[in-house]
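These are my notebook entries on a structure that I had not consulted before. I set down what I looked up, entry by entry.

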Amino acid sequence: MRRREFPQRCCRLKCNYFFDELSACRELFEIDWGKASEEELAKIKLFEIELSAETADRLDMRLFDEAYDDLCETDDIAHTAVLARRYFLGGSTAHPIWEIVSDRKAVAVRDLSEYLKESKGRQIYDAK
């Protein structure tokens, strides 16, 4: 569907995902790695990126997750397609997490990993 209806959007299987707010990075870090061991946490890195893409897609990750969960839970492909279209059209949920999706060159310019070191219910620093 993406290739046919939204050819201007990059392929999610061949792209990278970035976030323009540190709060989104921290929230996702807690969701994905909140129960990880200290050894696993030590391997996680967060970088500030310079994205060379002239255009990048800014899409609501929660809407994509909603479509994915809907398909897994209901197997209603028609309804999932409606949700996926909203995602690719740039729609959003009530509390979006905006992901920047790009298949273009990106360069790490600053290591921000220190902001993730305090996790698992501990205070997380602000990047100021």
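This is a predicted model: local features need pLDDT of at least 70, side-chain atom pairs count only at pLDDT 80 or more; totals for chains, interfaces and linings use all residues.

Entry 1, leucine 71. I looked up the exposure of leucine 71 and found it partly exposed, with a relative accessible area of 32% being the value of another residue, aspartate 65, and 34% that of leucine 71. Leucine 71 is placed in helix H4. Helices here are DSSP runs (H or I, at least four residues), strands are runs of E of at least two, and both are numbered from the N terminus. I then noted the contacts of leucine 71, where contact means heavy atoms within 4.5 Å. With neighbours within four places in sequence left aside, leucine 71 touches Ile77 and Thr80. Its C-alpha atom is 9.9 Å from that of leucine 83, twelve residues apart in sequence.

Residues are numbered from 1 along each chain as its sequence is written, and side-chain values use heavy atoms, with hydrogens and water left out.

The C-alpha atoms of aspartate 65 and alanine 84 are 9.4 Å apart in space, and the two residues are 19 apart in sequence. I next looked up aspartate 75, which sits in the loop between H4 and helix H5 (77-88). Is aspartate 75 buried or exposed? It counts as exposed, because its relative accessible area is 58%. I also noted that aspartate 75 has a positive phi of about 60 degrees, although it is not a glycine.

The chain has 128 residues, and 33% of them count as buried. Of the contacts between residues at least 6 apart in sequence, 79% join residues at least 24 apart. The chain exposes about 8700 Å², of which carbon and sulfur atoms supply 50%; this area comes from the Shrake-Rupley method with a 1.4 Å probe, and for residues only the protein chains shown count as cover.

Leucine 112 lies in the segment after E5. I list leucine 112 as buried, because its relative accessible area is 11%. Leucine 112 is in contact with Leu46, Phe47 and Glu48, neighbours within four places in sequence being left aside. Leucine 112 and leucine 46 are 66 residues apart in sequence, yet 5.1 Å apart from C-alpha to C-alpha. Leucine 116 lies in the segment after strand E5 (106-111), and it is buried at a relative accessible area of 6%. Under the rule that leaves aside neighbours within four places, leucine 116 is in contact with Arg26, Phe29, Ile44 and Leu46. The C-alpha atom of leucine 116 is separated by 9.9 Å from that of leucine 22, 94 residues apart along the chain.

A pocket is an open set of points on a 1 Å grid over the protein atoms alone, where a 1.4 Å probe fits, with protein on both sides within 12 Å along at least five of seven lines; lining residues have an atom within 4 Å of a point. The largest pocket has a volume of about 760 Å³, a volume being the space filled by probe spheres set on the points. Which residues lie nearest the centre of the largest pocket? They are Phe18, Phe19, Cys25, Leu46 and Phe47, out of 25 lining residues. Strand E1 (16-18), helix H2 (22-33) and strand E2 (47-51) each supply at least two residues of the lining, and H2 gives the most, with seven. By class, the lining has 19 nonpolar, no polar and six charged residues. Nonpolar covers Ala, Val, Leu, Ile, Met, Phe, Trp, Tyr, Cys and Pro, charged covers Asp, Glu, Lys and Arg, and the others, Gly among them, are polar.

Note on methods:
Buried means under 20% relative accessible area, exposed over 50%, partly exposed in between (1.4 Å probe, protein chains only).
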